[in-house]
Amino acid sequence: MYVDIKVNGKAIRAMVDTGATHNYISSTEVERLGLTGLARSVLIKVGPYEGRTNFSVVTMDDFKLILGLEFLRDTKTTVMPCTNSLAMLGNKPCVIPTISSRAGERSISAFPLKKELKRDETTYLAMAGSTNSVADALSRRTELDQVALMAMNAIVRVDSQVAINIGRKIRKALTRDPVAQ
């Protein structure tokens, strides 16, 4: 998923990556966006959200900017791929539409490739280690549960009066329910 954002007032398309632990910016974009080498406390605007975040400056072939879990956690944002959007649940809750792919572009990966490899050639990646994807998915489940819990808490906060009324109605109905008695 991609989202058009502004960094220091300049437009850039960012990839939203729940697999990335931090936020990353391509070393080639640092100067264009008027950032220093450290890219700390950078002013960004995503939809109606405006705030500061940190980026790790890295060499990337395929992407210019990646918003990772660091940004999602800091801004209390949930990725909603089924609706092609981000739900920001912080101070100003909102839904931001995303772009599902980059039109006309092919990507190889988010990490830098060796110079012998070319962008349009078929490339294979051999990885050592476990292929136990079930265990990997299960180990990530707690993160997803935390995001879902964060979203539920924010929804209750946004409309706490509705939640209070629902709680009252449930308690009142339980007093009349013979099974609950």
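**Entry 1**

I started at Thr77, whose bridge partner in strand S9 is Met88. I took strands as DSSP runs of E with at least two residues and helices as runs of H or I with at least four residues, numbered from the N terminus. I counted two strands as paired if DSSP finds at least two bridges between them. S8 and S9 run antiparallel and are joined by four bridges. They form a hairpin with four residues between them, and Asn84 in the turn has a positive phi of about 45 degrees.

**Entry 2: what I was reading from**

I noted that this is a predicted model, in which local features need pLDDT of at least 70 and side-chain atom pairs count only at pLDDT 80 or more, while totals for chains, interfaces and linings use all residues. Residues are numbered from 1 along each chain as its sequence is written, and side-chain values use heavy atoms, with hydrogens and water left out.

**Entry 3: the rest of the sheet**

I followed S9 onward to S10. Four bridges join these two antiparallel strands, and Leu86 has Ile96 in S10 as its bridge partner. S9 and S10 also form a hairpin, with five residues between them. Put together, the strands make an open sheet of three in the order S8-S9-S10, with antiparallel pairing. S8 (77-80) and S10 are the edge strands, each pairing on one side only. From one strand to the next, the twist averages 25 degrees (axes are lines fitted to C-alpha atoms, and angles run from 0 to 180 degrees between N-to-C directions).

I then checked the faces of S9. Both are covered: Ser85 and Ala87 are buried on one side, Leu86 and Met88 on the other. Buried means under 20% relative accessible area, with exposed over 50% and partly exposed in between (1.4 Å probe, protein chains only).

**Entry 4: the cores**

I looked for nonpolar cores, which are sets of buried Ala, Val, Leu, Ile, Met, Phe, Trp, Tyr and Cys residues joined through side-chain atoms within 4.5 Å. The largest has 24 residues, and Val3, Ile5, Val7, Leu35, Phe55 and Leu65 have the most contacts inside it. Among the elements that give two or more residues to this core are S1 (2-7), S2 (10-16), helix H2 (69-74), S9 (85-88) and S10 (94-97). Apart from it lies another core, of six residues, including Tyr2 and Phe63.

I listed the contacts of Val3 (heavy atoms within 4.5 Å). Leaving out residues up to four places away in sequence, Val3 touches Ile12, Arg13, Ala14, Val16, Val46, Leu67, Ile96 and Pro97.

**Entry 5: the whole chain**

I found four helices and ten strands in the chain. Of the 181 residues, 29% are buried.

**Entry 6: confidence**

I checked pLDDT, the predictor's confidence in each residue, from 0 to 100. The chain mean is 75, and 63% of the residues reach 70 or more. Residues 105-111 stay under 50, and the model has 16 contacts for them beyond four places in sequence. Residues 126-140 also stay under 50, with zero such contacts. Where pLDDT is low, the predicted coordinates should not be read in detail.
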